[in-house]
Amino acid sequence: MTTGLLLGFALVSVAVWIGLLLLRGGFWRCDQRIAPAAEFAAWPAVVAVIPARNEAATIGFTVGSLLAQNYPGKIHVIVVDDNSDDDTATAAGRSDRLTVVKGEPLEPGWTGKLWALQQGLTAAGDTLSEAGYALLTDADIEHHPANLRELVSMAEKGGLDLTSLMVKLRCESGWERLLIPAFVFFFQKLYPFPRVNDRSRPEAAAAGGCMLVRLSALVAAGGIQTIRDRLIDDCALATLIKRHGPLWLGLTEHTVSLRAYDDLAQIWHMVARTAFVQLNHSVFALLSTVLGMAIIYLVPSVSLFVGVILQDTALSFAGAAAMGIMTAAYAPTLRLYGQPLWRGPWLPVAAVLYLLITVSSAIRHWRCRGSAWKGRTYSKKVPRPA
């Protein structure tokens, strides 16, 4: 590649980054945060549904944090033990506000998590029939004591049918510090939260670890069974709900994920199971993603390096400009995760790794290995029942 061609790509990268900053809904600001709770004369009852498969290590913390909520209304927790091989059911604990449901074998046409949620919601109708909302949450989330109160307050004040938080992921190991803030940044770029929260726009997304859904809206939308075969279940639910009513997605520093990703393999597996699904199994989308990621994330650093080595002022300036804009855009996410700003220039490294993970996800799909998670493997398309 000649330096002239590389300079052209670098200038394209600068233009793209300027466009992302100005025209992508301000996704990079990380400013969609939940508001402090208001006061209401009466608070609706809430049922929390936790699908749990082999979650003995964390389920007790999740249930305990929900039972300790500073919530003025009724709350009941339902744990669906999804055919676990460990001691998940016992580890969930005991309380008169806790019901542990033994999960039925996976029904054809369903993905595991959605089948567990369906069973939990069915049990909720018998346990707390007056519930106005369901909190759908994962078995590795530790909820801040005010979390439910703030979620319900925001839903009630805004007339929201779905209120979701991207909980703060663990960011302690070296691989987590490199890849987790980047994951959150890429997710916000893919689904700009301000656009998701704009009632006039079609964009819809949610974060599956913490979703408060208005039960009447869920019924009106057709229920969980409408999306029973989806692997990216949270965004599928958001798309379903937004066809009928408004939703909101934001960030939090206080409700956290307990799941650890101590090595690259764990993060690789977590992302690879749905990366190619996100691209609708499209080769064109995959190739476009590879090209786009290369121009946006690789070209700036390569241009800066080559420009400095060859003492090419124009190339160095273009590379530095793109790197500077990229680092500035990444800075709010780094601050959210308590990471130093000098990690900003490492974003291209994270981008390369996520790109390799996406390619590996496609290869796994082409080899008919499907999407694997917690001992289950889903084929190219989960078959619907006849």
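This is a predicted model: local features need pLDDT of at least 70, side-chain atom pairs count only at pLDDT 80 or more; totals for chains, interfaces and linings use all residues.

**Entry 1: α11 and α13.** I started with helix α11 (residues 283-310) and helix α13 (residues 347-366), whose axes come within 9 Å and cross at roughly 165°. That angle makes α11 roughly antiparallel to α13 (over 145 degrees counts as roughly antiparallel, under 35 as roughly parallel, 65 to 115 as roughly perpendicular and the rest as oblique). Axes here are lines fitted to C-alpha atoms, for helices over the stretch in contact, and angles run from 0 to 180 degrees between N-to-C directions. Helices are DSSP runs (H or I, at least four residues), numbered from the N terminus.

Residues are numbered from 1 along each chain as its sequence is written, and side-chain values use heavy atoms, with hydrogens and water left out.

**Entry 2: handedness and contact.** I noted that α11 passes α13 in a left-handed crossing (the near helix is turned anticlockwise from the far one by less than a right angle; clockwise is right-handed). Among the contact residues (heavy atoms within 4.5 Å) I listed Leu286, Met293 and Tyr297 of α11, and Leu355, Val359 and Trp366 of α13. The contact residues divide into 14 nonpolar, 3 polar and no charged (Ala, Val, Leu, Ile, Met, Phe, Trp, Tyr, Cys and Pro are nonpolar, Asp, Glu, Lys and Arg charged, the others, Gly among them, polar).

**Entry 3: α11 and α12.** I then checked α11 against α12: they pack at about 140°, axes 7 Å apart. They are therefore oblique to each other. This crossing is left-handed too. Tyr297 and Ser301 of α11 are among the residues in this contact, and both also take part in the contact with α13.

**Entry 4: α6 and α12.** Next I looked at helix α6 (residues 174-190) and helix α12 (residues 313-336), which come within 10 Å by their axes and cross at roughly 115°. Here α6 passes α12 in a right-handed crossing. The contact includes Leu178 of α6 and Tyr330 and Leu334 of α12.

**Entry 5: the cavity.** Which residues line the second largest cavity? I found Arg177, Leu178, Tyr330, Leu334, Arg343, Trp346, Leu347 and Ala350. A cavity is a set of points on a 1 Å grid over the protein atoms alone where a 1.4 Å probe fits but cannot get out, and lining residues have an atom within 4 Å of a point. By class, I get 6 nonpolar, no polar and 2 charged residues.

Methods:
Helices (H or I, at least four residues) and strands (E, at least two) are DSSP runs, numbered from the N terminus. On a 1 Å grid over the protein atoms alone, a cavity is a set of points where a 1.4 Å probe fits but cannot get out, and a pocket is an open set with protein on both sides within 12 Å along at least five of seven lines; lining residues have an atom within 4 Å of a point.
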